[in-house]
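Subject: Handing over a structure

Dear colleague,

I am passing a structure on to you, and below it you will find my notes on what came out of it. Please read them with the structure open beside you.

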Amino acid sequence: MAALLRNTLWTAAAAVTVVAAVNLLGSASQDGANAPEQLVRLENMAFSPASLTVQRGTKVIWHNLDVVPHTVTAAGAFDSGRIAPGKRWSAAVVHTPGRYDYVCAYHPGMKATLVVQP
Ligand SMILES: [Cu+2]
């Protein structure tokens, strides 16, 4: 009898664990953790690729591979602030379709474009 009760409890615990896991996956896709990702390198004082087109909802990650800090700054849209050498910054998930021309605030010659498709 005690063994049966134990088995029942274990089954219930396993079921709760599965439900919790499913909930985690569900919320992860809602907050963008499962969104497709695109990487832009900040390298040799340039953005690479200099022009990137993504689908709405894509997570775009900028990775500073230079030995100096950079920024990812699109006036009125997004601004990374200082990205230290070796660090990454993400605009989270880009939800608003459009064309974003951006620069490095420290090196205005660094220019690039991000296009977010609907
Ligand atoms: Cu820069």
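Two strands are said to pair if DSSP finds at least two bridges between them, and the strands themselves (E, at least two residues), like the helices (H or I, at least four residues), are DSSP runs numbered from the N terminus. Strands E1 and E4 run parallel and are joined by six bridges, and in E4 the bridge partner of Arg 41 is His 63.

Before going further, please keep in mind that this is a predicted model, in which local features need pLDDT of at least 70 and side-chain atom pairs count only at pLDDT 80 or more, while totals for chains, interfaces and linings use all residues. Residues are numbered from 1 along each chain as its sequence is written.

Overall layout

The chain has one helix and nine strands, and from the N terminus on the order of these elements is α-β-β-β-β-β-β-β-β-β. A residue counts as buried if 20 or more other C-beta atoms, placed from the backbone, lie within 10 Å of its own, as exposed if there are 12 or fewer, and as partly exposed in between; by this rule, 19% of the 118 residues in the chain are buried. Two residues are in contact if their C-beta atoms, placed from the backbone, lie within 7 Å, and of the contacts in the chain with a separation of 6 or more, 45% are between residues 24 or more positions apart.

Confidence

The predictor's confidence in each residue is given as pLDDT, from 0 to 100. The average for the chain is 79, and 70% of the residues score at least 70. Among the elements, E2 has the highest mean, 98, whereas H1 has the lowest, 40. Over residues 7-31 the pLDDT stays under 50, and for this stretch the model has three contacts beyond four places in sequence.

The core

A nonpolar core is a set of buried Ala, Val, Leu, Ile, Met, Phe, Trp, Tyr and Cys residues joined through C-beta atoms within 7 Å. The largest one here has 17 residues, of which Phe 47, Val 60, Trp 62, Val 72, Tyr 102 and Leu 114 touch the most other members. Two or more residues each come from E1, E4 (59-64), E7 (88-93), E8 (98-103) and E9 (111-117), and E9 gives the most, with three residues.

In a regular strand the side chains alternate between the two faces of the sheet. In E4, the covered face holds Val 60, Trp 62 and Asn 64, and the uncovered one holds Lys 59, Ile 61 and His 63. Leaving aside residues up to four places away in sequence, Val 60 touches Gln 38, Val 40, Val 54, Ser 90, Ala 91, Val 94 and Leu 114.

Backbone details

Most residues other than glycine have a negative phi, and most peptide bonds are trans. Which residues in the loop between E1 and E2 deserve a look? Asn 44, which lies in that loop, has a positive phi of about 55° although it is not a glycine, and it counts as exposed because it has 8 C-beta neighbours inside 10 Å. Met 45 is found in the loop between E1 and E2 as well, with a positive phi near 60°, and it counts as partly exposed because it has 13 C-beta neighbours inside 10 Å. Further along, the peptide bond from Ser 48 to Pro 49 is cis, with omega near 0°, and Pro 49 lies in the loop between E2 (46-48) and E3 (51-55).

With best wishes
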